[in-house]
Amino acid sequence: MSRDIWDPVTYAVFADERSRPFVELVSRVGAIDPDYVVDAGCGSGELTVELGHRWPDATIEGFDTSPAMITKARALGAKARFAVADVTTWRPDRPVDVIISNAVLQWVPEHRAVLEHWMEDLAPGGWLAFQVPGNFEAPSHVAIRELCASRTWSDKLSDVVRIHPVADTLEYVDLLNQGGSQVDAWETTYVHVLQGEDPVLKWVSGTALRPILDRLGPEDQRRFKQDLGRLLAEAYPAKSYGTLFPFRRIFVVAQK
């Protein structure tokens with residue numbers, strides 16, 4: 001997995017929109033007084049800090065593969081501990097009461113096995129909660145895939161495209177319903193009203209385009225974004241009050 005799938009500056013442009021799923025996910029976790037809480041794929045750490053407000057007596061730990069994000073997280077000066085680590089290899093040194101994972105598992109092809117490991121790592125009665133984007137058939141991602149496969153870009157980008165990186169809610173429920181665990185799963189489509197010029201291009205530049213742009217030099221990056229911007233402007237036309245950007249997300253909360 002890439003060590004820098006997030007662009008901290010670009011990602012922060014839509015911080016309010018990106019934080020709402022985290023808040024709604026955590027609200028469904030019923031832990032009362034957990035001792036050890038982990039944010040797996042914590043990004044820049046602002047939301048990890050909120051876990052400390054929810055559970056002030058808990059040890060709060062966040063980790064992410066991106067050194068740039070962890071640098072920003074450590075600069076918060078919060079009580080939480082932050083480290084660079086990979087979700088595919090991270091294992092706790094003691095049972096965890098709550099594991100939260102917000103959006104990162106879309107980048108982990110083997111994340112089903114990771115989820116099974118995390119369930120094993122929970123203390124009895126512990127909670128696992130995660131959300132992943134479910135918008136890979138949306139016009140934004142269709143446009144990215146089609147552009148990468150086009151004659152202009154296929155030589156450089158044909159192997160970067162991710163077609164089905166996440167499962168559906170039924171598969172996750174089936175996977176985690178083991179040994180008496182209780183699983184709650186749901187889907188939400190947020191309709192974001194984005195402002196400014198080329199807002200959908202700015203949104204995907206913070207996450208979905210990162211592996212693609214990493215393959216390209218500065219001039220090719222400019223050309224690719226210009227080509228994609230035209231497709232996105234057609235798929236998401238600006239209105240007088242902003243640009244409507246529907247975004248489906250999948251949520252799962254399991255108690256061991």
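Reader: Ok, ground rules before we start?

Author: This is a predicted model, where local features need pLDDT of at least 70, side-chain atom pairs count only at pLDDT 80 or more, and totals for chains, interfaces and linings use all residues. Residues are numbered from 1 along each chain as its sequence is written, and side-chain values use heavy atoms, with hydrogens and water left out.

Reader: Let's start with helix H5. Which of its residues are buried?

Author: In H5, residues 111-121, the buried ones are His111, Val114, Leu115, Trp118, Met119 and Asp121. Buried means under 20% relative accessible area, exposed is over 50% and partly exposed is in between, with a 1.4 Å probe and protein chains only. Helices (H or I, at least four residues) and strands (E, at least two) are DSSP runs, numbered from the N terminus.

Reader: And where do those buried residues fall, seen down the axis of H5?

Author: They fall within an arc of 160 degrees, so they line one face of the helix. The arc is that of the directions from the helix axis to the C-beta atoms. As background, an α-helix has 3.6 residues a turn, so residues three or four places apart point the same way.

Reader: What do the buried residues of H5 pack against?

Author: Strands S1 (36-40), S4 (96-102), S5 (122-133) and S8 (242-255), plus helix H8 (169-176). Contact here means heavy atoms within 4.5 Å.

Reader: S8, then. How many of its residues are buried?

Author: 10 of the 14 residues of S8 are buried, so the strand is largely enclosed by the rest of the structure.

Reader: How does S7 join S8?

Author: Through a hairpin of two residues. S7 covers residues 238-239 and runs antiparallel to S8 over two bridges, with Ala238 partnered by Thr243.

Reader: Switching to S2. What's the story on burial there?

Author: Five of the six residues of S2 (residues 59-64) are buried, so that strand is largely enclosed by the rest of the structure. S2 pairs with S1 in the parallel sense over five bridges, and Gly62 is the bridge partner of Asp39.

Reader: And where's Asp64?

Author: Asp64 lies in S2 and counts as buried at 1% relative accessibility.

Reader: Now the rings. How many aromatic pairs are there in the whole structure?

Author: A search finds eight. Rings of Phe, Tyr and Trp (its six-membered ring) pair if their centres lie within 6.5 Å; planes under 30 degrees apart count as stacked, over 60 as edge-to-face and the rest as tilted. One of the pairs is Tyr236 with Phe245, edge-to-face at 5.4 Å centre to centre and 80 degrees between the planes. Phe245 also pairs edge-to-face with Phe247, at 5.8 Å and 80 degrees.

Reader: Which residues make up the aromatic cluster?

Author: Trp203, Tyr236, Phe245 and Phe247 form one cluster. Tyr236 and Phe245 are both buried, Phe245 at 0% relative accessibility, and Phe247 is buried at 5%.

Reader: What about charges over rings?

Author: The charged end of Arg28 sits over the ring of Trp186, 3.9 Å from its centre, and Arg162 lies over the face of Trp107 at 4.0 Å. The test is NZ of Lys or CZ of Arg within 6 Å of the ring centre and within 35 degrees of the ring normal.

Reader: How many disulfides?

Author: Zero, from a search of the whole structure, where a disulfide is a pair of cysteine sulfur atoms within 2.5 Å. Cys42 is buried with a relative accessible area of 8%, and Cys148 is buried at 0%.

Reader: Last one: what's with the backbone at Ala103?

Author: Ala103 has a positive phi of about 80 degrees although it is not a glycine. Ala103 lies in the loop between S4 and H5 and is buried at 6% relative accessibility. Asp198, also not a glycine, has a positive phi near 50 degrees; Asp198 is in the loop between S6 (182-194) and helix H9 (199-205) and is partly exposed at 36%.

Methods. Two strands pair if DSSP finds at least two bridges between them.
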